[in-house]
Amino acid sequence: MFGDGILKGLAETARNFFGSYRSKNRLTTIQYPEERLPQIEAARSFPFLVYDGADWQQGMRCVACQICEKECPPKCILIKKSADKKPDATGKLQAYPAVFDIDISVCMSCQICVEVCPFDAIKMDVDYDLPTADRFAGLLLDKQKLSKSNQYYHQIHPTEAAAVDAALAAERAAAAAKAKAAADAAAAKAAAPAPAPQVQPAGGEPR
Amino acid sequence: MTAAFLILATLTVAGTAAAMGLRNAVHCVLALTVGFAGVAALYLQLDAQFVGFTQVMVYVGAVAILAVFAIMMTHSPTPVPLPAYSRHWLAGSIVAAAVFAVLAWAIRAGSTSAPCLPPQPGISVQQIGDALMHRYVLPLEIMGLLLTAALIGAVVIAMDRKEESK
Amino acid sequence: MTQTLDQIFVIAKAWLLGYLPVAARPLASAVLCVIAIVITFPLLFAITTWLERKGLGRIQNRLGPNRTGPFGLFQPIADAIKSLTKEDIVPLTADHAVHFLAPLLLVAAAFLAYAVLPVGRNMVLVNLNAGVLFFFAVGSVVELSVFMAGWSSRSKYSLLGAMRAIAQMISYEVPLVLATVAVIMQAGSLSTVDIVNQQATYTHTLPHWFVFTPWGFVGFVLFMIAATAESNRSPFDLPEGESEIIAGYYIEYSGFKFALFFLGEYLGMFATSGMAITLFLGGWAAPFSFLTWIPSYVWFFLKLLALIGFFIWIRGTLPRLRMDQLMNLAWEFVLPMALLNMLVAGVWHFMPHGLLRWLVCTAIVAIPCILLAAGLKRKKKFQVRTYQFAE
């Protein structure tokens with residue numbers, strides 16, 4: 001029919017207009033900031049430091065190995081290793097970062113620091129509500145602002161956090177079993193007094 | 001010599017004088033447009049509504065646009081600063097004075113033959129239409145023919161250029 | 001009672017003028033009418049910007065502005081404050097005098113056009129004998145202001161936009177006037193008041209609007225197409241298409257002058273809508289004879305709002321026409337149809353009343369319409385491009 005293209009178009013837009021008052025499908029606007037879209041689990045914004053337990057300084061997993069500082073492409077991480085050591089979750093004495101700064105105006109959220117961290121100490125946050133009036137000092141997050149608890153990590157990335165916790169628990173169990181076996185062997189060696197020279201098996205085990 | 005006539009006449013004369021005196025060509029055309037509008041207002045003041053509105057529609061709406069298009073297409077982008085007054089101002093003034101004298105004499109001679117005409121009844125558009133269709137139908141048809149020839153000529157000129165540029 | 005309500009503004013003006021000496025009354029009457037127009041139509045402009053943003057939003061599956069006031073009703077005020085307080089930037093090489101005068105000329109011409117629109121019974125600013133001619137004469141001044149705006153900015157984009165805009169406006173002015181000629185032929189007068197008075201009569205509750213005749217309907221459609229093109233509205237908004245040429249001839253304008261261009265454009269749209277209502281839709285007349293108790297100016301503004309809503313609807317529906325498509329539409333479809341419409345109006349006038357008249361007139365417009373449209377859809381044969389240096 002002559003002119004049917006325009007008429008069909010007009011009918012479609014009229015349907016859109018009246019339908020937007022009736023069905024949510026036709027009007028898909030989310031009124032930020034009162035309503036927010038739910039985020040997927042793999043969302044990421046900027047890094048944060050994980051700490052176990054209640055005390056953020058005591059339970060911090062980071063041992064200031066500085067791998068993330070070296071691997072960061074835009075070099076937004078600044079780490080200063082401490083002079084003394086403190087015991088970590090397995091009781092071993094480790095260094096800790098005296099200064100840990102991330103400049104989030106430089107950070108590009110590439111997640112490389114998360115991928116290379118051997119201690120599962122730095123993970124990606126999902127919080128994007130970070131407005132500040134000071135665009136230099138306000139966007140430089142220090143150690144305290146970056147530290148968030150393991151419970152928070154479980155909240156934002158449940159499956160990831162569960163996997164990390166399981167892996168850490170397995171490692172600690174393996175380390176405890178190894179320590180117990182070594183203690184048993186040392187006790188057996190101390191109990192058996194025959195000083196026959198034997199070749200000692202190599203002691204170092206890969207972690 | 002009413003106040004309205006004085007104001008409109010001043011506006012028209014100022015517009016056309018500026019059209020001759022300004023340096024920038026487009027400014028000249030815009031000043032000439034003010035002159036056209038002044039003439040249209042004079043027609044309206046003489047109660048000739050049809051002629052007045054047609055003057056606006058044709059001159060301001062079409063002829064002025066045509067003039068600015070022509071200037072824009074042909075002039076160089078940077079206006080060359082020419083001297084404002086010509087070297088031959090003496091000869092020009094003599095010629096202008098002579099033309100003014102001839103026109104003034106013609107108008108005076110024409111107006112003294114029929115002094116103080118009684119006020120004419122307002123001419124309506126219907127009367128103009130009747131006159132065009134009955135008494136002046138031959139000039140109307142010739143004008144139509146002329147316009148058709150101009151249109152065809154414009155189309156032919158435009159078409160030729162398109163074929164040359166292929 | 002309904003009579004008083006209908007003539008309330010006329011009575012109020014007469015009462016106000018009673019306080020003035022007789023010598024000053026004509027001037028004061030004109031000034032009062034001008035004040036009324038200057039208040040009403042910019043207010044309508046503010047309402048239209050709100051309607052447009054909300055309407056287009058809903059058509060496009062989104063909310064319009066809803067933060068400034070309830071339902072975003074204060075958005076026009078926010079827009080006005082923004083445009084008044086923005087810095088007025090004029091390019092260094094621009095022609096300052098012409099740059100300043102262009103928006104003034106546009107708004108002045110747009111306001112002048114309202115002088116001949118009968119907004120209600122006995123409510124027209126001036127009843128000119130050649131009212132329709134005055135309207136089109138003033139409309140042709142808009143093209144001059146468009147040129148002034150585009151040329152004075154000394155920018156390639158603005159000049160290009162101005163050229164396109166003027167070409168489009170001139171091309172569509174011819175069918176606009178020709179569509180009107182059919183109405184003038186039938187009404188026998190160029191005065192807008194006479195044209196409306198002829199449509200304000202009823203036969204058995206049905207009105208005598210010109211749009212209910214074959215030539216009136218076709219004329220109305222052609223007039224609306226040409227009016228959309230004259231005010232540079234979508235789908236004819238290539239000269240100011242934001243994705244193409246970023247505002248075209250008023251690129252270099254900012255702040256209040258930009259607001260004046262916007263105002264002038266919308267005022268032009270209201271004026272041509274108002275003229276369409278006057279010529280085809282019966283002006284201030286009610287659609288049915290039992291509805292004449294509603295005041296005449298209410299009917300005029302209801303019809304005006306309906307046409308504005310239709311403009312917004314079309315804007316949200318149709319894609320933009322390319323320049324050559326636009327020009328082809330003007331010269332190959334709308335202009336021949338307007339000429340045929342004039343012929344049909346003549347045939348209608350001289351044929352005796354009855355069904356045969358309807359059939360003949362409808363056939364005369366329908367068959368060429370379909371043929372012309374088929375001609376427009378004919379695929380253009382494009383040359384295969386050969387590149388000389390790209391091998």
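Predicted model: local features only at pLDDT ≥ 70, side-chain atom pairs only at ≥ 80, totals over all residues.
Read from the N terminus on, chain B goes α-α-α-α-α-α, and chain C touches both chain A and chain B. Here is a short tour, topic by topic.

**Chain B on its own**

- Chain B has six helices and zero strands.
- Chain B counts 166 residues, and 14% of them are buried.
- Among the contacts in chain B with a separation of 6 or more, 49% join residues 24 or more positions apart.

**Where chain C meets chain B**

- On this contact, chain C brings 16 residues and chain B brings 18 residues.
- On the side of chain C that touches chain B, α6 (131-139) and α7 of chain C are the elements that give two or more residues.
- The largest share of that side, five residues, belongs to α7(C).
- By residue type, the side of chain C that touches chain B has 13 nonpolar, two polar and one charged.

**Where chain C meets chain A**

- Here 11 residues of chain C are in contact with 12 residues of chain A.
- Three helices of chain C, namely α3 (25-59), α12 (296-317) and α14 (355-377), each supply at least two residues to the side that touches chain A.
- With three residues, α12(C) gives the largest share of that side.
- The side of chain C that touches chain A is made up of six nonpolar, three polar and two charged residues.

**A helix pair inside chain C**

- Two packed helices are described by the angle and the distance between their axes.
- In chain C, the axes of α5 (residues 96-112) and α7 (residues 141-152) come within 8 Å and cross at roughly 160°.
- Angles over 145 degrees count as roughly antiparallel, and α5(C) and α7(C) are therefore roughly antiparallel to each other.
- The crossing of α5(C) past α7(C) is left-handed.
- From α5(C), the residues making the contact include V98(C), H99(C), L101(C) and L105(C), while those from α7(C) include V141(C), L144(C), S145(C) and M148(C).
- Sorted by type, the contact of α5(C) with α7(C) has 11 nonpolar residues, three polar and no charged.

Notes
Residues numbered from 1 in each chain as written. Chains lettered and ligands numbered in written order. Contact = placed C-beta atoms within 7 Å. Helix = DSSP H or I, 4+ residues; strand = E, 2+ residues; numbered from the N terminus. Nonpolar A, V, L, I, M, F, W, Y, C, P; charged D, E, K, R; others polar. Axes fitted to C-alpha atoms, helices over the stretch in contact; angles between N-to-C directions. Parallel < 35°, antiparallel > 145°, perpendicular 65-115°, else oblique. Left-handed = near helix turned anticlockwise from the far one by under 90°. Buried ≥ 20, exposed ≤ 12 C-beta atoms within 10 Å, placed from the backbone.
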